[in-house]
Amino acid sequence: MREHSGLSKTLAGVLVALYALIALIPLVWILLTGFKTPGDAISYPPTVFFEPSMEGYVNLFTSRSRQTPEYMASLPPPETWYERLVRSRNMVITGPSRFAERYMNSVIIGFGSTFLAVFLGTLAAYGFSRFKVPLKDDLLFFILSTRMMPPIAVAIPIFLMYRELGLSDTHLGMILLYTSVNISLAVWLLKGFIDEIPREYEEAAMVDGYTRIQAFLRVVLPQAKTGIAATAIFCLIFAWNEYAFALLLTSGNAQTAPPFIPIIIGEGGLDWPAVAAGTTLFLLPIVFFTIFLRQHLLRGITFGAVRK
Amino acid sequence: MVAWIFILPTILLLLAINIFPLIWAIVLSFTNYRANQPGREVKWVGTRNYERLLSSEDIWGYLQATAHFVCWSMFFQVLLGFGLALLINRQFKGHATWTTLILLPMMLSPAVVGTFWTYIYQPQAGIFNYIINFFIDAGTFSMIGEVALAPWAIVMVDTWMWTPYVMLICLAGPRSIPDYLYEAAEVDRASKLRQFWSITLPMVLPFLMLAVLFRGIENFKMFDMVVELTSGGPGSTTELASINLKREAFEKWRTGYSSAFAILLFLTVFGLGNIYVKFLNKVKER
């Protein structure tokens with residue numbers, strides 16, 4: 001690595017920081033909007049300094065209905081701070097919204113498919129890494145090529161197939177589908193990680209009387225821990241963010257958060273603070289994962305092609 | 001034989017959920033099947049769906065919109081991503097933190113981000129229009145409501161999201177350049193510009209091309225972010241191939257016809273991808 005002069009370093013730093021600050025404006029704006037009132041959210045000019053309100057978050061988690069002043073007066077005093085907030089808008093809480101349910105679906109389908117993809121992917125990656133498989137390169141390319149299909153193109157026959165099998169709008173159906181999409185990434189990434197573990201370790205273990213399966217479980221798996229964790233996070237992020245399949249193949253029961261967040265309606269159009277609140281809660285885990293994954297990010301996004 | 005115990009489950013899953021449906025789609029593409037009328041008699045129509053597709057002028061419009069989106073988003077991402085990588089490579093103080101911050105947008109859900117950008121682009125309350133008007137007097141305009149602006153609105157959001165991707169891959173490039181190349185160039189009194197053209201660029205090119213390959217494929221398939229941002233409008237100015245495919249398949253329920261469209265799209269990605277990889281390998285060998 002060449003040493004650059006102090007001045008050119010400072011200039012580079014200033015330019016990069018400037019880009020980062022501009023690029024972060026939309027994200028900061030999402031965070032801020034979640035704490036605005038619906039009025040503040042659509043005011044002109046846009047407000048940067050405002051009195052924070054929890055209305056967006058309350059609206060996100062509740063369904064409400066507007067009532068007459070007479071009815072409002074006849075109610076007993078509100079018991080909680082969020083009831084008080086809703087009442088101040090001449091509304092009452094009629095129940096929880098579906099957001100928590102959709103979020104849970106995202107968690108169940110995300111973790112389910114991640115577990116399955118990493119489980120199958122580790123096995124296949126080990127197979128490809130350690131054995132002479134006939135047509136190995138063709139099989140690996142075939143696995144990768146399944147990722148080139150536009151999701152909508154896959155969705156047409158999957159839609160028909162799931163209708164026949166009764167898998168439409170079920171958690172199991174979505175878990176299987178996301179697993180099949182993620183498995184190409186899992187196999188390619190994990191093969192790279194396992195390739196880096198010296199064969200001699202298992203061979204020594206097998207000389208000591210371990211079977212192949214035992215050597216895989218007790219020698220290779222512990223060595224591949226970091227790689228498996230990084231792969232799992234990549235699979236989880238994909239399943240978490242996926243939209244097209246969720247939109248087309250789920251409706252009531254197994255719908256995840258991405259198709260739900262855009263349709264959080266308030267009075268007179270989209271309820272922007274609630275949308276922003278939902279977006280914030282949805283994106284936050286990914287922000288942490290990204291920071292956590294930083295070291296392996298390059299490898300993950302290139303299917304293991306660039307390893308640094 | 002032990003190898004198959006490890007590999008077979010994966011292959012079986014892919015056969016069941018990718019290859020079987022693909023074959024089904026190929027079969028459907030030669031029929032007049034409509035998924036919303038399961039009772040209707042299904043007829044073989046030969047290659048009529050494909051003939052209709054290839055002679056349809058609308059399809060060329062959607063493909064042009066897709067090409068505009070892919071080419072311009074690639075152009076800006078390569079320009080900004082490569083530039084940022086060169087700057088970050090100077091190893092200024094705090095560069096790791098800034099890099100991580102820059103990386104955030106690309107990990108987020110495109111659909112959710114697309115939704116939120118409709119708010120950022122709002123003519124009145126949107127922060128984007130406000131910032132533009134702060135610098136130049138542009139008056140009231142709608143980035144996603146005007147025919148002339150909407151194709152650029154989606155390019156911009158995509159560039160915002162994916163410039164970090166190109167940047168991250170390019171960052172691996174300069175690291176692979178041995179110092180002695182530059183030292184030799186210094187001895188030969190080659191100018192900085194000359195060093196860039198004959199050392200840095202050729203060494204980074206394979207990485208840059210890899211980034212373009214991955215992003216190109218993804219953007220050719222683009223659906224989620226754009227459908228939430230513009231839903232193909234105004235008119236059909238941002239109706240990308242995948243968005244039109246969804247309309248034909250799941251709104252008009254022309255299952256046979258849309259299957260043919262899906263197959264053609266897949267063949268296009270696959271064909272272009274393969275040609276590109278051949279080209280990439282040639283560049284690598286040089």
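Where chain A and chain B touch, 72 residues of chain B are in contact with 83 residues of chain A, two residues being in contact if their C-beta atoms, placed from the backbone, lie within 7 Å. On the side of chain B that touches chain A, helix α1(B) gives the most, with 13 residues. That side divides into 53 nonpolar, twelve polar and seven charged residues. Here Ala, Val, Leu, Ile, Met, Phe, Trp, Tyr, Cys and Pro count as nonpolar, Asp, Glu, Lys and Arg as charged, and the others, Gly among them, as polar.

Please keep in mind that this is a predicted model, in which local features need pLDDT of at least 70, side-chain atom pairs count only at pLDDT 80 or more, and totals for chains, interfaces and linings use all residues. Residues are numbered from 1 along each chain as its sequence is written, while chains are lettered from A and ligands numbered from 1 in the order in which they are written.

**Helices that pack together**

Helices (H or I, at least four residues) and strands (E, at least two) are DSSP runs, numbered from the N terminus.

| Helix pair | Angle | Axis distance |
|---|---|---|
| α9(A) (residues 171-195) and α1(B) (residues 2-28) | about 130 degrees | 10 Å |
| α8(A) (residues 151-165) and α1(B) | about 95 degrees | 9 Å |
| α1(A) (residues 6-33) and α15(A) (residues 272-293) | about 115 degrees | 7 Å |

Angles under 35 degrees count as roughly parallel, over 145 as roughly antiparallel, 65 to 115 as roughly perpendicular and the rest as oblique. The angle in the table therefore makes α9(A) oblique to α1(B). Their crossing is left-handed, a term for a near helix turned anticlockwise from the far one by less than a right angle (right-handed if clockwise). From α9(A), the contact residues include Leu176(A), Ile183(A) and Val187(A), and from α1(B) they include Leu13(B), Leu14(B) and Ile17(B). By class, this contact has seven nonpolar, four polar and no charged residues.

α8(A) and α1(B), in turn, are roughly perpendicular to each other. Pro21(B), Trp24(B) and Ala25(B) of α1(B) meet residues of α8(A), among them Pro157(A) and Met161(A).

Ile30(A), Leu31(A) and Thr33(A) of α1(A) take part, and the residues from α15(A) include Trp272(A) and Pro273(A).

**A look inside chain B**

Chain B has twelve helices and zero strands. Its C-alpha trace spans about 80 × 65 × 35 Å along the principal axes.

Is Ala65(B) buried or exposed? Ala65(B) counts as buried because it has 23 C-beta neighbours inside 10 Å. This residue sits in helix α3 (residues 57-88) of chain B. Its C-alpha atom is separated by 7.7 Å from that of Pro151(B), 86 residues apart along the chain. Not counting residues up to four places away in sequence, Ala65(B) touches Pro151(B), Thr237(B), Thr238(B), Glu239(B) and Leu240(B).

Methods: Axes are lines fitted to C-alpha atoms, for helices over the stretch in contact, and angles run from 0 to 180 degrees between N-to-C directions. A residue is buried if 20 or more other C-beta atoms lie within 10 Å of its own, exposed if 12 or fewer, and partly exposed in between; C-beta atoms are placed from the backbone.
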